[in-house]
Amino acid sequence: MKPDSRDTCTFEISAPAPGTLHISLAGDLVIDTVHKVLEGVRPQIGRHLFENAVIDISGINHLDDYGVMAISEIRNMVGIDESRIDVTGTSPEHKIIFDITDFDRNTLCQITPPASPNIIVQAGASTINAYEGFVYFISFVGAIVMSVGRVVRHPRSLRYGDIVMYMKTTGVDAVPIVGLISLMLGLIIAFVSSMQLKVYGANIYVANLVAVAMVQELGPIMTAIVVAGRSGSAYAAEISTMKISEEVDALFVMGFDPNLFLVLPRLIAAVLVVPVLTMFSNIFAIAGGAIIGVTMLDVGMDTYINQSMEAIKLFELMWGLFKSSVFAVLIALTGCLRGFQAQGGAASVGNAATSAVVTAIFLIIFFDSMFAVIRIYWG
Amino acid sequence: MPQTECLRVENLVVRYTDELILDDISFSVNRGEIFIIMGGSGSGKSTLLRHMVGLEMPASGHVYIRGTNISSTDEQTFMNLLKKIGVLFQGSALIGSMTIGENVALPIIEHLKIDSRLIPQIVRMKLSMVGLACFEQHLPNEISGGMKKRAGLARAMALNPEILFLDEPSAGLDPGTAAGIDELILHINRTLGTTIVIVTHDLDSIFTVGKRAIMLDINSKKIIAQGDPRTLKDSHDNPIVRNFFMRKSVHDS
């Protein structure tokens with residue numbers, strides 16, 4: 001059952017006349033033998049200088065493309081002009097293999113020049129890229145605003161069923177993870193701050209610390225980061241897959257506005273549910289703080305809750321929820337934008353998802369610091 | 001020249017949960033021939049191919065490649081066996097993030113002890129064999145469907161396999177490009193002596209390249225015809241087989 005063995009190839013190197021090299025190969029010069037042959041031939045011809053060379057392949061039974069490669073490599077090893085190296089003993093079978101591998105046929109390829117290593121050129125290229133990305137982002141936002149205008153004029157063109165579905169996947173499905181993370185966060189803040197406050201006998205202010213930190217900053221930011229990781233990446237992956245499989249183009253030629261069809265339902269769903277998730281996050285964190293307060297700090301449950309309620313101002317709560325809805329817009333926009341920018345194959349889907357999350361988190365932190373500055377001057 | 005068998009399928013039965021997909025399939029393929037597996041959509045052609053290359057395990061029955069039973073052999077033998085076969089998938093399955101040249105070089109770098117300086121040269125040869133010289137630097141999404149098939153073929157042939165499995169090599173191609181692929185298949189078979197197993201329902205390529213074929217039936221899940229496709233077309237007594245070759249709609253009968 002085993003095929004004829006194809007694992008021996010012998011070679012003989014001689015110099016019949018001064019300045020002439022004679023290499024004869026015999027056996028099977030194929031995929032499994034070329035390595036040994038090349039390793040064997042290389043040290044023997046490396047040291048000498050020749051004027052002519054003959055490579056005799058008449059003893060070769062089986063030759064394949066790896067063998068052809070070996071022959072041309074041996075020719076390179078000899079190191080003299082190709083016209084002075086003869087390949088002799090070519091049988092019709094060898095000829096066929098030479099033909100299909102384009103042996104000795106100089107196919108000139110136009111090679112695209114590699115990117116210039118010049119740092120100024122590179123800096124220029126990436127500046128242009130960044131500028132084009134920015135222009136794309138602005139025109140994308142503009143297109144979304146146009147789509148919103150269309151929805152205002154024709155409210156029935158919006159796909160309400162999709163909004164409800166995305167509210168579920170973005171919001172309801174995220175409650176367990178947002179709840180768990182916030183509960184832990186509340187526990188940690190309460191535990192760490194109690195270490196400091198105990199010294200002054202100010203245990204009760206743990207409640208203030210947890211409530212104010214969560215409602216003003218951590219609640220909106222943590223929720224936004226979780227949603228960016230869960231849903232922003234999902235938006236990017238979904239839309240980029242649709243883009244590369246021409247589904248987006250199909251929507252366009254059927255007369256749909258892809259932004260209205262794909263982006264607005266996600267955007268609206270995110271803006272509606274992220275503040276609600278943030279509210280959940282605040283409540284779970286305060287519950288986490290209460291666990292520490294009641295079990296470790298001897299603060300009564302009702303005292304802890306009353307203290308928290310007093311610490312939170314309605315305006316701060318609303319400001320936090322407003323921030324979280326801005327974050328929701330950022331998450332949905334970057335997710336969809338990165339999805340639409342995808343081109344190519346499977347790798348671009350992964351890139352789109354990664355870049356959606358990275359961009360969204362950066363923008364969340366950036367906008368949050370802008371909001372902090374606004375509050376300083378607001379008074 | 002005595003014909004040696006290099007692939008044998010014995011009483012293969014495939015079942016997905018409760019549904020019978022293939023029933024009692026037996027045939028053998030000789031070294032150096034082009035063997036065609038044909039049948040309508042949903043007849044289990046591609047499933048049969050997936051079982052022949054060990055991607056899936058049959059409910060019962062055996063597949064022998066070069067005399068080795070692929071479902072009962074140890075992993076090392078199976079890995080060595082994989083180097084002796086090449087598969088061209090329906091969608092070409094080129095890795096999208098790598099250039100054509102890198103795709104072809106992938107199995108060569110992994111499985112052969114060859115000086116890395118020589119890899120570009122062998123890749124160039126493989127690509128010129130399929131008529132794609134000078135396309136090393138292109139990404140798969142930059143070339144046409146026919147070129148992708150050729151590139152996939154070059155990658156399947158990277159390690160000079162004894163058996164090439166081709167899943168619908170001409171699907172989704174225009175007639176001219178499809179004919180070009182058929183020519184290439186014949187050329188590879190003639191010059192390199194590679195055994196080729198083709199899954200297809202493209203009548204033109206069945207008649208162009210096939211000397212021996214089996215036909216799978218969607219209803220009985222068995223082989224309903226085998227032999228030279230030209231003879232089957234003219235003189236097979238089963239109307240299903242004749243209808244397949246006459247392109248008669250299945251809903252007519």
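Helices here are DSSP runs of at least four residues (H or I), numbered from the N terminus. The model is predicted.

**Entry 1: Ser194(A)**

I looked up Ser194(A) and found it in helix α6 of chain A, residues 175-199. Is Ser194(A) buried or exposed? Its relative accessibility is 1%, and buried means under 20%, so Ser194(A) counts as buried. I then listed what Ser194(A) touches, leaving out residues up to four places away in sequence: Val206(A) and Leu297(A).

**Entry 2: domains of chain A**

I noted the division of chain A into domain 1 (9-100) and domain 2 (159-378). The centres of these two domains of chain A, taken over C-alpha atoms, are 69 Å apart.

**Entry 3: contact between chain B and chain A**

I went to the contact next. Chain B puts in 29 residues and chain A 28 residues. The buried area between the two chains is about 2,400 Å², and carbon and sulfur atoms give 61% of that area. Which three residues supply more than any other three of the area that chain B buries against chain A? I found Leu118(B), Met125(B) and Asn160(B), with 19%.

I counted three salt bridges between chain B and chain A. For polar contacts I counted seven residue pairs between the chains, both residues at pLDDT 80 or more. On the side of chain B that touches chain A, the elements giving two or more residues are α4 (119-129) and α6 (175-192) of chain B. Helix α4(B) gives the most to that side, with seven residues. By residue class, that side of chain B has 11 nonpolar, eight polar and 10 charged residues.

**Entry 4: the pair Arg42(A) and Asp115(B)**

I picked out the one between Arg42(A) and Asp115(B), where the closest N and O atoms are 3.8 Å apart. Arg42(A) sits in helix α1 (residues 34-45) of chain A, and Asp115(B) in the loop between α3 (100-111) and α4 of chain B, so this pair joins two chains. Both residues come out as partly exposed: Arg42(A) has a relative accessible area of 28%, and Asp115(B) has a relative accessibility of 31%. I also traced a network of salt bridges that links Arg42(A), Glu73(A), Asp115(B) and Arg117(B).

**Entry 5: two pairs inside chain B**

I looked up Glu33(B) and found a salt bridge with Arg212(B), the closest N and O atoms being 2.9 Å apart. Glu33(B) is in the loop between β2 (19-30) and β3 (34-39) of chain B, while Arg212(B) is in strand β9 (residues 212-216) of chain B, so the pair ties together parts that are 179 residues apart in sequence. Glu33(B) is buried at 13% relative accessibility, whereas Arg212(B) is partly exposed at 27%.

The other pair I checked is Glu168(B) with Lys45(B), whose side chains meet in a salt bridge of 3.8 Å, N to O. Where do Glu168(B) and Lys45(B) lie? I place Glu168(B) in the loop between β7 (163-167) and α6 of chain B, and Lys45(B) in helix α1 (residues 45-52) of chain B, so the pair ties together parts 123 residues apart in sequence. Glu168(B) counts as buried, with 8% relative accessibility. Lys45(B) counts as buried too, with 5%.

How values were computed
Residues are numbered from 1 along each chain as its sequence is written. Chains are lettered from A and ligands numbered from 1 in the order in which they are written. This is a predicted model: local features need pLDDT of at least 70, side-chain atom pairs count only at pLDDT 80 or more; totals for chains, interfaces and linings use all residues. Side-chain values use heavy atoms; hydrogens and water are left out. Contact means heavy atoms within 4.5 Å. Buried area is the accessible area (1.4 Å probe) that two parts lose on being put together, summed over both. A salt bridge is a side-chain nitrogen of Lys or Arg within 4 Å of a carboxyl oxygen of Asp or Glu. A polar contact is a pair of N or O atoms within 3.5 Å; within protein, one must be able to donate a hydrogen and the other to accept it, and residues adjacent in sequence count only if both atoms are side-chain atoms. Ala, Val, Leu, Ile, Met, Phe, Trp, Tyr, Cys and Pro count as nonpolar, Asp, Glu, Lys and Arg as charged, and the others, Gly among them, as polar. Buried means under 20% relative accessible area, exposed over 50%, partly exposed in between (1.4 Å probe, protein chains only). Domain bounds come from an automatic or database domain assignment.
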